[in-house]
Amino acid sequence: MLSDLSKSPDRIAGMFDAIAGRYDVLNHILSAGVDRRWRRLAIRSLELTGTERLVDVCTGTADLAVAACAAQPGAARVIGVDFARAMLRVGQEKVSRARLGRSIALVRGDATRLPLADRSVDAATVAFGIRNVEDTAAAVVELHRVMVPGGRLAVLEFAVPTLPVVRGFYLWYFEHVLPRVGRFVSRHRAAYSYLPESVAAFRSPEEFVKLLRQAGFGDIRADPLTLGVVMLYTGRA
């Protein structure tokens, strides 16, 4: 029997497909809308000029892909990759509503085997998905493989705050409030129990920075956002 933290691609894809229709609403509710700011900061860190080809890995419902194209200046072309079909369908509807169909292509694929050629993108992003990949190290190596030398990386991921007061409230919220609200809105028991457990089990910022360095990234930063509940990792290929 699979454990609650099993990250087999079939299990993760099935879990996110089951909540795809309510995923965006829940993100905005559970983050009090701050998730939009986190994405803006990630895009800003890339210092886009309007000419870049960007890959958004674990794109989900394509929020970050859309944000990358809508930024001023934004990416010229975005390829969003995810293995959850229902999430991609929701993302495609969002892309169509934003009239960005010529700029954004959503593709079903695995973060550990990206359907892209070596050195084919100028920038790469991952928002709240790297911890869900079964082989994180392989995914980081893939990100480096597809980026041109000097290309910029931005990864958003949840973290456990270090400030004692913030940490205590955060853990209480994640363990008691978030799962209940998530289950009530999504009608899916496992997904919002998995979320706090996966965050607690993910690599520390120091460990993830080490993984990025081992994959070949340089100029790496790990900047805490919103009192450390989220980390923004940046670097250059």
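Visitor: Why is Phe-158 called buried?

Guide: This is a predicted model, and in it Phe-158 has a relative accessible area of 18%; buried means under 20%, so Phe-158 is given that label.

Visitor: How do you know that Trp-38 counts as buried?

Guide: The relative accessibility of Trp-38 is 4%, and because the cut-off for buried is under 20%, Trp-38 falls into that class.

Visitor: What makes Trp-38 and Phe-128 an aromatic pair that is tilted?

Guide: Their ring centres lie 5.8 Å apart, and pairing asks for centres within 6.5 Å, so the two rings pair. The angle between the planes is 55 degrees, and because under 30 degrees would be stacked and over 60 edge-to-face, the pair is called tilted. Trp-38 lies in helix α2 and Phe-128 in the loop between β4 and α5, so the pair ties together parts that are 90 residues apart in sequence.

Visitor: Why is the pair of Trp-38 and Phe-158 called edge-to-face?

Guide: With 6.3 Å centre to centre, the rings meet the limit of 6.5 Å, and the planes stand at 90 degrees, which is over 60 and therefore edge-to-face. This pair links helix α2 with strand β5, where Phe-158 is found, 120 residues apart. Trp-38, Phe-128 and Phe-158 form one aromatic cluster.

Visitor: What makes Val-209 count as buried?

Guide: Val-209, which is placed in helix α8 (residues 205–215), has a relative accessibility of 13%, and because buried means under 20%, the label applies to Val-209 as well. Leaving aside residues up to four places away in sequence, Val-209 touches Ile-220, Ala-222 and Tyr-233.

Conventions: Residues are numbered from 1 along each chain as its sequence is written. This is a predicted model: local features need pLDDT of at least 70, side-chain atom pairs count only at pLDDT 80 or more; totals for chains, interfaces and linings use all residues. Side-chain values use heavy atoms; hydrogens and water are left out. Rings of Phe, Tyr and Trp (its six-membered ring) pair if their centres lie within 6.5 Å; planes under 30 degrees apart count as stacked, over 60 as edge-to-face and the rest as tilted. Helices (H or I, at least four residues) and strands (E, at least two) are DSSP runs, numbered from the N terminus. Buried means under 20% relative accessible area, exposed over 50%, partly exposed in between (1.4 Å probe, protein chains only). Contact means heavy atoms within 4.5 Å.
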